[in-house]
Amino acid sequence: MEDLSIIVGVIGNIISVLMFLSPIGTFWRIFRRKSTEDFDSLPYICTFLNSSLWTYYGIIKPGAILVATVNSFGVLVETIFIVMFLIYAPAKMKARTGILVSIIDVGILAAALLVTQLLMKGDVRIDVVGFLGAGLNIIMYGSPLGIMKTVVTTKSVEFMPFFLSLFMFLNGGVWTFYAYLVKDIILGIPNGTGFLLGTAQLLLYAIYRDKKPSRSTHSDGLEGGSSWQHEPLLQASSQAQPQGVLSEP
């Protein structure tokens, strides 16, 4: 059973790495154009916090090294993405990014580390850090719900990238199985949620992939806010991703 959990964990690491790298096309575009255009830095800032919490969880929990390794990679990737926003974003977005990083990735993370290190010990510390990471994970896994609603109303999968949905499904499924093998319910709950949402997205894709969008509903969806054009970017971070392993988590 231990050998199987290691194999599943390694597979989960590989899938999570792919999820972390899923926005790389967007950032290559940002690098080439020297501008972040209308893209938002918040998803990457939140993913940095999520990955940091899960790295901490993997370090303090015995036998959870695979959780720490993949999320430490996520911390590195999100750091690069955030730095690109600080370099290439317009002045207003650059200032907003700096403020959010200070509050979320420095303030909240530092508070979590200090409180759990100074006021908690043993299993209590592990459980609190795990619940913090799981809660944030569930919120991030739930970010595609708006896109799923748009798919139903417009009868179009244009704004729901197939491979992102597929990786969410695989990532959530593999890490849920891993959590079952190592009997880690804190790891299982958020990834089980991601697995179910990924399954729902793939079902929607199967239903609507060959259907032509309704002009009226499609137009209304776009007129209601051009942010839908950037929703795949928000989703890609998430996730993810567990995914952190929105990554995994």
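These notebook entries record what I looked up in a predicted model of a single chain.

**Entry 1. Overall make-up**

I began with the secondary structure and found 11 helices and 0 strands in the chain. Reading along the sequence, I noted the pattern α-α-α-α-α-α-α-α-α-α-α. I then looked up burial: of the 249 residues in the chain, 50% are buried.

Is Thr 36 buried or exposed? Thr 36 has 0% relative accessibility and therefore counts as buried, the cut-off being under 20%. Setting aside neighbours within four places in sequence, I listed the contacts of Thr 36 as Ile 30, Met 84, Phe 85, Tyr 88, Ala 89 and Pro 90.

I also checked the backbone in this loop. Lys 34, found in the loop between α2 and α3, has a positive phi of about 55 degrees although it is not a glycine. Glu 37 belongs to the loop between α2 and α3 as well, and its phi is likewise positive, near 50 degrees, in a residue other than glycine. For accessibility I recorded 46% for Lys 34, which counts as partly exposed. For Glu 37 I recorded 29%, which also counts as partly exposed.

**Entry 2. Helix α3 against helix α6**

Two packed helices are described by the angle between their axes and the distance between the axes. I looked up both values for α3 (residues 42–60) and α6 (residues 122–141): the axes come within 9 Å and cross at roughly 150 degrees. The angle is over 145 degrees, so α3 is roughly antiparallel to α6. The crossing of α3 past α6 is left-handed.

Which residues of α3 meet α6? On the α3 side I listed Pro 43, Cys 46, Thr 47, Leu 49, Asn 50, Leu 53, Trp 54, Tyr 56, Tyr 57 and Ile 60. On the α6 side I listed Arg 125, Ile 126, Val 129, Gly 130, Leu 132, Gly 133, Ala 134, Leu 136, Asn 137 and Met 140. Sorted by class, the contact of α3 with α6 has 14 nonpolar, 5 polar and 1 charged residues.

**Entry 3. Helix α7 against helix α9**

I repeated the search for α7 (residues 145–154) and α9 (residues 185–208), whose axes come within 11 Å and cross at roughly 20 degrees. The angle is under 35 degrees, so α7 is roughly parallel to α9. I noted a left-handed crossing of α7 past α9. From α7, the contact is made by Leu 145, Met 148, Val 151 and Val 152; from α9, by Leu 197, Ala 200, Gln 201, Leu 204 and Tyr 208. The residues of this contact divide into 8 nonpolar, 1 polar and no charged.

Helix α8 (residues 162–182) has 21 residues. From its first C-alpha to its last, α8 reaches 30 Å, close to the 30 Å expected at 1.5 Å a residue. I noted that Lys 183 follows α8 and has a positive phi, near 55 degrees.

Among the buried residues of α8 are Leu 164, Met 168, Val 174, Trp 175 and Tyr 178. Which residues does Val 174 contact, leaving aside its neighbours within four places in sequence? I found Val 8, Ile 11, Gly 12 and Ile 15. Val 174 and Ile 15 are 159 residues apart along the chain, and their C-alpha atoms are separated by 8.7 Å.

Methods. Residues numbered from 1 in each chain as written. Predicted model: local features only at pLDDT ≥ 70, side-chain atom pairs only at ≥ 80, totals over all residues. Heavy atoms only, no water. Helix = DSSP H or I, 4+ residues; strand = E, 2+ residues; numbered from the N terminus. Expected span 1.5 Å × (residues − 1). Buried < 20%, exposed > 50% of the residue type's maximum accessible area, 1.4 Å probe, protein only. Axes fitted to C-alpha atoms, helices over the stretch in contact; angles between N-to-C directions. Parallel < 35°, antiparallel > 145°, perpendicular 65-115°, else oblique. Left-handed = near helix turned anticlockwise from the far one by under 90°. Contact = heavy atoms within 4.5 Å. Nonpolar A, V, L, I, M, F, W, Y, C, P; charged D, E, K, R; others polar.
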